[in-house]
Amino acid sequence: MDKKTFYNEARDYLMITIAMMSYCMGWTIFLLPNSITTGGVPGIASIVYWGTGIPPQITYFAINAVLLVAALKTLGLKFCIKTIYAVLVLTALTSLFSSNAVSLHLLADQPFMASIIGAIFCGAGIGLGLSFNGSTGGTDIVAAIVNKYRDISLGRVIMLCDIIIITSSYIVLRNWEQVIYGYVVLIVSAFTVDQVVNSMRRSVQFFIISDKYQEIASRIAVFPHRGATVIEAHGFYTGREVKMLFIMAKRRESNTIFSIINEIDPNAFVTQTNVIGVYGEGFDKFKVKNKTHSHVGHITPVQSAMLSK
């Protein structure tokens, strides 16, 4: 493992830890004490806790352990290694937080606000974990296994499982209002996941027209280490031949690029556009493969996308 790979792996595990902490806070501080269920294995663990008193971390770990054993045989170690780490971290954090959650019991008289805030914390945790190649396990694993053998989308399987889990909480809670709050959690957390994942992948593109294009491109190539494409352009009104730089960069690098341009040529003409989904060297890898008519056991394009996270 070279230095860059080690750094990337260490970063992934650190961010997965932070992600699981966010999820744990939403689950054990806002949802669990207010009898508001969520989807996935945490939802099942919550229902079991309300019905039997068994600590949620025990049920959560036990169910995920069974699912991960099945996933190891079906999907392989690459899919599971960081999910195993995430499950262990979330189990430990849940054990720590749940002992204090009852005493905290925030927003006890405002269940709707509790469901919103809890969903935001949970959704942010899931989205952050997915952005750094992790997962909370549970229905993600079920969906991946089902998708491998049946041509059913991952999102559809996860949504179906979560709706069944949340609706079944009525058996224990005997309160449809609490079930509705569970649906609110499902919708808000799904929206938050999308926002977090998209914001982590968001990039920007620059079109720069300047007589000092070579100097600008050379500086940007050094730091933030982004390549530039020189496009031959023609001014319609002036009739002058110009050189235009086309540059792709991460959004966090925008200020650095603007500073370089302003330092070298304050009169440069610059446009910046937000883009999502940049693939290639220095950005994301392609997440689909050509679909093949294969037998059971071969990886589908959607499964390939899960494995590449």
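To start with one of them, which residue forms a salt bridge with Asp-211, and how far apart are the closest N and O atoms?

Modeller: Happy to, and please keep in mind that this is a predicted model. The partner of Asp-211 is Arg-240, and the closest N and O atoms of this salt bridge are 3.4 Å apart. The two residues come from distant parts of the chain, 29 residues apart. Arg-240 sits in the loop between strand 2 (229-234) and strand 3 (241-250), while Asp-211 belongs to the loop between strand 1 (202-209) and helix 10 (213-222). As for accessibility, Asp-211 counts as exposed because its relative value is 62%, above the 50% cut-off. Arg-240, at 46% relative accessibility, counts as partly exposed.

Helix 10 takes us to another pair, with Arg-219 in helix 10 and Glu-263 in helix 11 (residues 254-264). Here the closest N and O atoms of the salt bridge between Glu-263 and Arg-219 are 3.3 Å apart. Glu-263 has 56% relative accessibility and counts as exposed, whereas Arg-219, at 33%, is partly exposed.

Lys-82 forms a salt bridge with Glu-9, and their closest N and O atoms are 3.5 Å apart. This pair also links distant parts of the chain, 73 residues apart, with Lys-82 in helix 4 and Glu-9 in helix 1 (residues 3-31). Lys-82 counts as buried because its 9% relative accessibility is under the 20% cut-off. Glu-9, by comparison, is partly exposed at 27%. The pair is also part of a network, in which salt bridges that share partners join Glu-9, Arg-11, Asp-12 and Lys-82. Across the whole structure, a search finds seven salt bridges, including the ones described here.

One more thing while you have helix 4 in view. Ile-81 is also placed in this helix, which covers residues 77-104. Together with Leu-72 and Leu-77, Ile-81 makes a nonpolar surface patch of about 260 Å².

Note on methods:
Residues are numbered from 1 along each chain as its sequence is written. This is a predicted model: local features need pLDDT of at least 70, side-chain atom pairs count only at pLDDT 80 or more; totals for chains, interfaces and linings use all residues. Side-chain values use heavy atoms; hydrogens and water are left out. Patches are made of residues with over 30% relative accessible area and no salt bridge: like charges are joined within 9 Å, nonpolar side chains (Val, Leu, Ile, Met, Phe, Trp, Tyr) within 5 Å. Accessible areas come from the Shrake-Rupley method with a 1.4 Å probe; for residues, only the protein chains shown count as cover. A salt bridge is a side-chain nitrogen of Lys or Arg within 4 Å of a carboxyl oxygen of Asp or Glu. Helices (H or I, at least four residues) and strands (E, at least two) are DSSP runs, numbered from the N terminus. Buried means under 20% relative accessible area, exposed over 50%, partly exposed in between (1.4 Å probe, protein chains only).
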